[in-house]
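Hello, and thanks for passing this one along.

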Amino acid sequence: MDAILNDIRDNLGFTIILSEPIPGGFMNTLIKLVCDTGTYLLKIYSRVRFSDKKLQKIEDALSIQRQLKSRGVKTAAIIPIEEKNVRILPCGSAYSLMSFISGRNETYETINKRQLQSLGSELSLIHREMEKLTEKDMLLPDNSASIINSLWDNYKKRCEGFTPDMPKDYVETVNNQKAILETLSPNRIQKLKRQLCHEDFTFDNILFDSDHVGAVIDFDRTQVSYPLHDVGRALLSFALKDNELLPDRIEAFKKGYNEHLPLTDNDIKDAFMITWCIETLWWITPEFFMGTRGKADRFRKEIMWLTLNLDKI
């Protein structure tokens with residue numbers, strides 16, 4: 001920590017008045033720095049979680065965030081040091097520095113329709129500008145068939161790994177995947193647009209200022225994927241309440257999204273479908289059904305709900 005603070009002082013000339021840890025980060029360390037030049041967020045990356053190769057991906061993602069900021073997206077300003085967004089010190093410590101943005105996180109319990117409309121508008125602006133930044137060589141060959149194959153392989157592996165002591169709801173959720181897999185077709189996935197996306201568009205990465213989005217943060221996972229995954233993730237986070245999708249919330253989000261890009265009812269159905277395809281591999285695993293896992297418990301329950309209701313949306 002001292003080495004990082006000294007590095008910031010030496011390279012930027014900041015006088016650090018106060019450093020205060022803040023929650024979040026999943027193995028990373030987040031520090032609020034109050035300096036003579038302003039207030040900043042210091043993010044110290046876990047070297048257990050992030051190799052040099054993974055840090056290079058974050059370097060590239062933060063470069064995209066900087067471009068989005070210059071194009072009017074509400075996000076934090078990255079403070080590069082020696083032209084690097086992610087600074088790796090000789091001791092091995094790695095960090096990034098950006099402007100600190102205050103705001104509050106909303107949840108499915110607290111969000112209102114005006115906020116959802118603002119959220120839809122901001123996400124469509126992000127997608128519009130990300131599409132412009134997506135280069136042709138970023139777009140790998142169509143992988144729709146491999147997505148379905150990997151889901152089938154995962155389903156079979158999970159079934160073969162069942163043991164008597166596994167949680168009942170885990171076993172039931174895995175078994176219920178078969179009905180979805182039997183109806184999925186590569187053609188449906190193949191038609192979906194692929195481009196740069198946020199890929200972590202969860203409630204804790206969105207800060208609200210009154211009834212409007214104040215900032216979208218944490219672009220670390222930015223990569224080429226399906227923009228409808230960002231849409232599906234947002235709607236699961238904010239429009240699913242008490243095991244029911246609320247139509248008025250979906251309409252408010254759709255109205256905002258249509259301010260910059262089109263979003264139809266069929267697109268929303270596809271958004272839930274591709275979200276299930278991507279996230280069932282993340283959350284429907286035995287360890288997420290054993291004990292409490294913080295915000296991951298909500299993600300798991302959302303995908304469990306989607307497994308039972310995807311054909312009804």
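What is the volume of the second largest pocket? It comes to about 290 Å³. Please keep in mind throughout that this is a predicted model.

1. **Who lines the pocket.** The lining of the second largest pocket is made up of 16 residues, and those closest to the pocket centre are Ile180, Thr183, Arg188, Leu310 and Asp311. By class, the lining divides into seven nonpolar, four polar and five charged residues.

2. **Which helices contribute.** At least two lining residues come from each of helix H5 (168-181), helix H9 (265-283) and H10. The largest share belongs to H9, with four residues.

3. **Thr307.** If you follow helix H10 (residues 295-309) along, you will come to Thr307. Is Thr307 buried or exposed? Its relative accessible area is 6%, so Thr307 is buried. Neighbours within four places in sequence aside, the contacts of Thr307 are Thr173, Asn176, Gln177, Ile180 and Trp276. One of these, Ile180, is also among the residues closest to the centre of the second largest pocket.

4. **Ala296.** Helix H10 also holds Ala296. Ala296 has a relative accessible area of 9% and is therefore buried. Again leaving out neighbours within four places in sequence, Ala296 touches Trp283 and Phe288. To place Ala296 against another part of the chain, take Ser93: the two are 203 residues apart along the chain, and their C-alpha atoms are separated by 27 Å.

5. **The five-stranded sheet.** In what order do the five strands of the open sheet run? The order is S1-S2-S3-S5-S4, with antiparallel pairing. Strand S1 (16-22) and strand S4 (87-88) are the edge strands; each has a single partner strand, so one side of each has no neighbour in the sheet. As a reminder, strands of a sheet pair through backbone hydrogen bonds, either parallel or antiparallel.

6. **Strand S3 and its partners.** Five of the seven residues in strand S3 (residues 38-44) are buried, so this strand is mostly covered. On one pairing, strand S2 (residues 29-35) and S3 are antiparallel and share seven bridges. S2 and S3 make a hairpin, with two residues between them. Within this pairing, Cys35 has Gly38 of S3 as its bridge partner. S3 also runs antiparallel to S5, and five bridges join them. There, Leu41 stands opposite Met98 in S5.

7. S4 pairs with strand S5 (residues 94-99) in the antiparallel sense, over two bridges. If you want a residue pair to look for, the bridge partner of Ile88 is Ala94 in S5.

8. **Cysteines.** How many disulfides are there? The count is zero, where a disulfide would need a pair of cysteine sulfur atoms within 2.5 Å. For Cys91, which is in no disulfide, the nearest cysteine sulfur belongs to Cys35 and is 19 Å away. Cys277 is in no disulfide either, and the nearest cysteine sulfur, that of Cys197, is 15 Å away. Cys277 has 3% relative accessibility and so counts as buried.

9. **Positive phi at two aspartates.** Asp218 has a positive phi, near 60°, and lies in the loop between strand S8 (212-216) and strand S9 (223-225). With 23% relative accessibility, Asp218 counts as partly exposed. Asp242 has a positive phi too, near 50°, and is in the loop between strand S10 (240-241) and strand S11 (244-245). Is Asp242 buried or exposed? Its relative accessible area is 66%, so Asp242 is exposed.

How values were computed: Residues are numbered from 1 along each chain as its sequence is written. This is a predicted model: local features need pLDDT of at least 70, side-chain atom pairs count only at pLDDT 80 or more; totals for chains, interfaces and linings use all residues. Side-chain values use heavy atoms; hydrogens and water are left out. Buried means under 20% relative accessible area, exposed over 50%, partly exposed in between (1.4 Å probe, protein chains only). Contact means heavy atoms within 4.5 Å. On a 1 Å grid over the protein atoms alone, a cavity is a set of points where a 1.4 Å probe fits but cannot get out, and a pocket is an open set with protein on both sides within 12 Å along at least five of seven lines; lining residues have an atom within 4 Å of a point. Grid points are joined across faces, edges and corners, and a volume is the space filled by probe spheres set on the points. Ala, Val, Leu, Ile, Met, Phe, Trp, Tyr, Cys and Pro count as nonpolar, Asp, Glu, Lys and Arg as charged, and the others, Gly among them, as polar. Two strands pair if DSSP finds at least two bridges between them.
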